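Please read this briefing alongside the sequence and the coordinates. It begins with confidence and then moves through the two chains by topic.

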Amino acid sequence: MAETIPATGEAEAVRAVPRRRFLADALRLGAGAFVILSGLAEGEEPGEPYDWEAHRWAYLIDTEKCIGCGSCVRACKAENDVPDGFFRTWVERYVASAEASHVDSPNGGLEGFPPLRVDFAPTKSFFVPKMCNHCKETPCVQVCPVGASYRTRDGVVLVDGKRCIGCGYCVQACPYGSRFLSPATHTAEKCTWCYHRITKGLRPACVEVCPTGTRRFGDMRREDDPVRIAIERGRVAVLQPHLLTEPHCYYLGLDKEVR
Amino acid sequence: MPEITGYAFPNDVHVHWSLMIVMYPYITGFVAGSFIVTSLHALFGKREFAPVARLALATSFCFLAVATFPLTLHLGHPERGWYVLVTPHFSSAMAGFGLLYGFYLLVLSLEVWFVHRREIVEIARASHGPKRALYTALALGSLDTSPEALEVDARAVRILAAIGLPAACMLHGYVGFIFGAIKANPWWSTPLMPIIFLLSAAVSGIALLLVLYLATCRLGRRPIVRETVEAMARWLWFFLIVTVTLELLEIVVLAYEKSDAWQIISPLLTTRLEFSFISMQMIVGSLVPFILLAVVVTMDRYLHERVRNTLSAVAALLLLVQVFSMRWNVVIGGQLLSKSLRGLRSGYEPQFLGREGILVAALLFALPFALLWVFYRVLPEPAAERPAEPDAPAAKSRPAA
């Protein structure tokens, strides 16, 4: 035992500095890890590459909830640097009665909606957010002469700005008016469901800022996904279903006035 | 910013396909229409077309030479235009352009060469120095003008004409298909579209050749062959009747069906396109020439030659306006209505200067005529083929139509 006393004392003397250093290092490491992990998605492991086979994205819009605040349009513009006068998403206002209807979307709803007077007695009014429907049988991808427009395996319709020749055929072919030729890039542009965000586990900017839960984004490959459940079990509609474009943007509470 | 009546989707207020996309089908229409005239002579035995057969071939060739220009000028990235040729995405109608254009260019170039080979060789033999070298090069070393060799040329021309006619029809029918197969746009989406484009191409081709024939005869102080003018007027009248019938049928069907699209197409035609459709395409461009040509066709024996030629020329010029209006009303008209089917934007006015402006469009239209002039400097019409002799071409057969 006598031999061990000096040894213990020595050990304590040696350990005293590493403990402090350990705590300091642990704090630094913890803070760093917090910073890194805070940017990661649910279910995504750090450093794990995005697997587009593992997702099938879908979008659900509950028109009963939209208040026409225009936050989504502003968020989209800021996130994607959308040129003035062009829209990747917009909000429409419907004011209708059994006999008449009025539809508008002043500047796409970017600044919200000013008060409105109509020359009939309206019996209902509501807002409808619009955007690219990310169709499965999409006419825009079909008509692109160089394959610059394409559909990813996780169900998102995108444009390769480096291949696009700017012919505008896709703009003409989209029945929803979702595409435009950008005056800045001279190529076709459109909603990407914020592909740069969703592949990092984030939600599209418009969904992120929607204050009422009108806009929801989900994964049809995840069994417990609430959006998937709502689409699979609820009664949902799509825009212009007679064109058979198979949109992956679904609507709740869609009115007959909406095209 | 354009004014909007009703509600248009916010991205639907821009006219992305502008004047150049109006010029493109107008120019390819002359390519196909002129070739149809060549074929009437070369394949269908219409000998009264002999005086314009070579002119028609040359016209088709010169217009084909500039057909890609309006497309390239229109692209947002012209420097990437060649992607369509090297990496076509075949589910797109537009991707077929390279194949159709390339194939027709090949057939037409070969036909032009076979038709003119004899003169090329004769000029090469009769000249010296660089001129001789140029024409020997143009003859591609094939300097044989024996009767057997000329018979081979004639046979090749017949075969190429037989291939060229469907190729020309495909090239222009394809342009109509580009519009007709867009289900998002009710003003474009009809299977009639390629047929209307093709028939109006025949109208524009014959009309242009009639004007060119009368003008070149007058400028060259050559006699105008009565049967040729008669035959062209008759065929022009026929194609005009069929084209306008189909153009009207398309609209009547929409109106009679009371389709949802009619709610927006009706105000489109009566407000935004009132001038270009009702006034220009239908009245000035169709009704007036219909009456003028009816006079030429049905009362020909009572007409003085000068009256017949003048009536035919005026009708042909008006038909050139009609076909341009038709292209305008399809291309621009289709973009004035929103796909919301609830709104129309104000009329489109092209800029004067600029890449897609009126000046460039006018130059584009003039360029084929300049090329035609060069063409005739290089390959002049042989004296034997000139319709100087009164008994020369027609007279023997009258068109069946």
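The score called pLDDT is the predictor's confidence in each residue, on a scale from 0 to 100. The structure is a predicted model, in which local features need pLDDT of at least 70 and side-chain atom pairs count only at pLDDT 80 or more, while totals for chains, interfaces and linings use all residues. Residues are numbered from 1 along each chain as its sequence is written, and chains are lettered from A and ligands numbered from 1 in the order in which they are written. For the complex, the predictor gives an ipTM of 0.90 and a pTM of 0.88.

**Confidence along the chains**

- Chain A has a mean pLDDT of 89, with 84% of its residues at 70 or more, and chain B averages 92, with 95% of the residues scoring at least 70.
- Over residues 1-14 of chain A, pLDDT stays under 50 and the model has zero contacts beyond four places in sequence, where two residues are in contact if their C-beta atoms, placed from the backbone, lie within 7 Å.
- In residues 38-44 of chain A, pLDDT also stays under 50, and the model has seven contacts beyond four places in sequence there.
- Residues 386-401 of chain B likewise stay under 50 in pLDDT, and for this stretch the model has 32 contacts beyond four places in sequence.

**Chain A: overall build and strand pairing**

- Chain A contains seven helices and ten strands, where helices (H or I, at least four residues) and strands (E, at least two) are DSSP runs, numbered from the N terminus.
- Of its 259 residues, 39% count as buried; a residue is buried if 20 or more other C-beta atoms lie within 10 Å of its own, exposed if 12 or fewer, and partly exposed in between, with C-beta atoms placed from the backbone.
- Among the contacts in chain A with a separation of 6 or more, 64% are between residues 24 or more positions apart.
- Strand β9 (residues 215-219) of chain A is largely enclosed by the rest of the structure, because four of its five residues are buried.
- Strand β1 (residues 57-62) of chain A runs antiparallel to β9(A) and is joined to it by five bridges, two strands being paired if DSSP finds at least two bridges between them.
- Within this pairing, A:Ala58 has A:Gly218 of β9(A) as its bridge partner.

**Chain A: individual residues**

- A:Gly253 lies in the segment after β10 (249-252) of chain A, and it counts as partly exposed because it has 16 C-beta neighbours inside 10 Å.
- Although A:Gly253 and A:Ile61 are 192 residues apart in sequence, their C-alpha atoms are 8.8 Å apart in space.
- Leaving aside residues up to four places away in sequence, A:Gly253 touches A:Asp62, A:Thr63 and A:Glu64.
- A:Trp193 sits in the loop between β8 (188-189) and α5 (195-198) of chain A and has a phi near 55°, a positive value in a residue other than glycine; A:Trp193 is buried because 28 other C-beta atoms lie within 10 Å.
- A:Cys194 also lies in the loop between β8 and α5 of chain A, has a positive phi of about 50° although it is not a glycine, and counts as buried because it has 23 C-beta neighbours inside 10 Å.

- The 32 residues of helix α9 (residues 226-257) of chain B should span 46 Å at 1.5 Å a residue, and the end C-alpha atoms are 46 Å apart, which agrees; the expected span is 1.5 Å times one less than the number of residues.
- Just after α9(B), B:Lys258 takes a positive phi of about 50°.
- Helix α12 (residues 305-331) of chain B is mostly covered, with 20 of its 27 residues buried.
- The largest nonpolar core has 170 residues, of which B:Val31, B:Val203, B:Ile206, B:Leu209, B:Leu236 and B:Leu319 touch the most other members; such a core is a set of buried Ala, Val, Leu, Ile, Met, Phe, Trp, Tyr and Cys residues joined through C-beta atoms within 7 Å.
- Helix α1 (residues 19-42) of chain B supplies the largest share of this core, 16 residues.

**Where the chains meet**

- In the model, 35 residues of chain A are in contact with 32 residues of chain B.
- On the side of chain A that touches chain B, α4(A) gives the most, with four residues.
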